[in-house]
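Me: I have a new structure open and want to learn how to read it. Can we take a few features in turn?

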Amino acid sequence: MPASEGVTLVLEMHPDPRVKVFRRAFTGMDEYEGMEVDAYVILTSRYAVVLDTLLCPEDAQAMLDLVRNELSGRAMLVVNSHADWDHCWGNARFTGKLAVPIIGHDYEVVRMESAEARAGLDEFQQKYPLFRDVALVSPTVTFNDQLTIHGGDLSIHLFAAPGHHPDHCAAWIPELRLLLAFDAIEKPIPIMENAASVSAMFATLERFLSLHPQRVLCSHGNVTDPGLIQQNLDYLREIKRRCHAFLQTRRPNSEELDHASELISYPFDEVIAGSTEPVDRAFYSWAHEENARAILTWLLQ
């Protein structure tokens with residue numbers, strides 16, 4: 001449905017009608033390029049659980065409007081996967097008279113209430129009309145390791161899944177063998193925060209594999225194939241292998257680390273070789289460079 005001119009919020013089909021997938025898409029609006037993102041509503045017999053609230057309160061309301069006929073008789077809960085702006089800036093829809101519990105990781109509160117988050121919102125509000133009604137709203141219910149929502153017919157197991165960010169979490173619905181990985185996996189490649197997050201990222205992807213999901217949903221890339229977990233892990237392992245090989249010859253200086261992918265002879269074109277789908281080269285080549293630098297720095301430490 002139209003959320004504003006040039007913007008659509010699309011309800012994607014999923015094999016189980018209790019799983020609603022929403023895509024924030026922009027048509028003919030170059031200034032919003034790269035802001036496409038997915039969010040979800042899971043309908044259990046007890047709850048309507050909103051998993052991520054997209055870019056602004058109007059987005060969150062548009063999601064609810066699309067499932068309005070299925071909300072009756074269900075209490076509402078909100079889950080934030082992490083504090084990145086494209087996942088939680090719709091939280092203000094669930095405050096005031098419309099308040100419902102907002103669940104997130106303990107560290108999400110730290111990120112949401114930081115000076116960096118405020119500066120980021122100020123910048124976006126000055127640049128884009130879309131964000132004029134956004135307010136930074138932190139979770140009201142937090143957890144550190146795991147939390148389970150017992151929905152009756154479905155259970156939603158939230159668990160810490162760091163690597164992309166320290167507050168990142170994922171959701172596992174065992175009755176459906178469905179993993180909501182959010183930003184922990186991505187096509188064509190995942191994105192790690194920094195060197196301190198490398199071991200956590202490897203552990204998160206290995207934990208995903210141990211669940212043996214039948215379907216995986218992530219926030220970017222329109223992917224449902226659980227094979228993407230192994231692909232992302234293989235990619236990071238290849239960076240690690242090449243970093244090890246490079247470090248057998250010498251140690252780089254700090255300036256050289258800015259060109260880590262070149263040092264380890266792993267160009268972005270090789271990473272995406274064989275891909276038949278369009279790739280945002282500017283963004284993902286940057287992400288690849290960040291990943292290579294993070295792993296090389298991690299190994300140096």
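Me: Where is the place of Val 141?

Reply: This is a predicted model. In it, Val 141 belongs to strand β8, residues 141-143.

Me: Is Val 141 buried, partly exposed or exposed?

Reply: Buried means under 20% relative accessible area, and exposed means over 50%. Val 141 has 33%, so it counts as partly exposed.

Me: Which residues is Val 141 in contact with, leaving aside neighbours within four places in sequence?

Reply: Pro 101, Ile 102, Ile 103, Gly 104 and Leu 147. Asp 106 lies 35 residues from Val 141 in sequence, with 8.5 Å between their C-alpha atoms.

Me: Now the sheet. In what order do the five strands stand?

Reply: Read across the open sheet: β9-β10-β11-β12-β13, with mixed pairing. β9 (146-150) and β13 are the edges; each has a single partner strand, so one side of each lacks a neighbour in the sheet. On average, neighbouring strands are turned by 20 degrees against each other, direction ignored.

Me: How many bridges join β11 to β12?

Reply: Three, and the two strands run antiparallel. Look at Trp 172: Leu 179 in β12 stands opposite.

Me: Which helix packs on the sheet?

Reply: α5 does, touching β9, β10, β11 and β12. Its direction makes about 155 degrees with that of β10.

Me: What does α6 pack against?

Reply: Start with its span. α6 covers residues 227-247 and reaches 30 Å from first C-alpha to last, close to the 30 Å expected. Its buried residues include Leu 228, Tyr 235 and Phe 246. The buried residues of α6 pack against β12, α5, β13, α7, α8 and α9.

Key:
Residues are numbered from 1 along each chain as its sequence is written. This is a predicted model: local features need pLDDT of at least 70, side-chain atom pairs count only at pLDDT 80 or more; totals for chains, interfaces and linings use all residues. Side-chain values use heavy atoms; hydrogens and water are left out. Helices (H or I, at least four residues) and strands (E, at least two) are DSSP runs, numbered from the N terminus. The expected span of a helix is 1.5 Å times one less than its number of residues. Buried means under 20% relative accessible area, exposed over 50%, partly exposed in between (1.4 Å probe, protein chains only). Contact means heavy atoms within 4.5 Å. Two strands pair if DSSP finds at least two bridges between them. Axes are lines fitted to C-alpha atoms, for helices over the stretch in contact, and angles run from 0 to 180 degrees between N-to-C directions.
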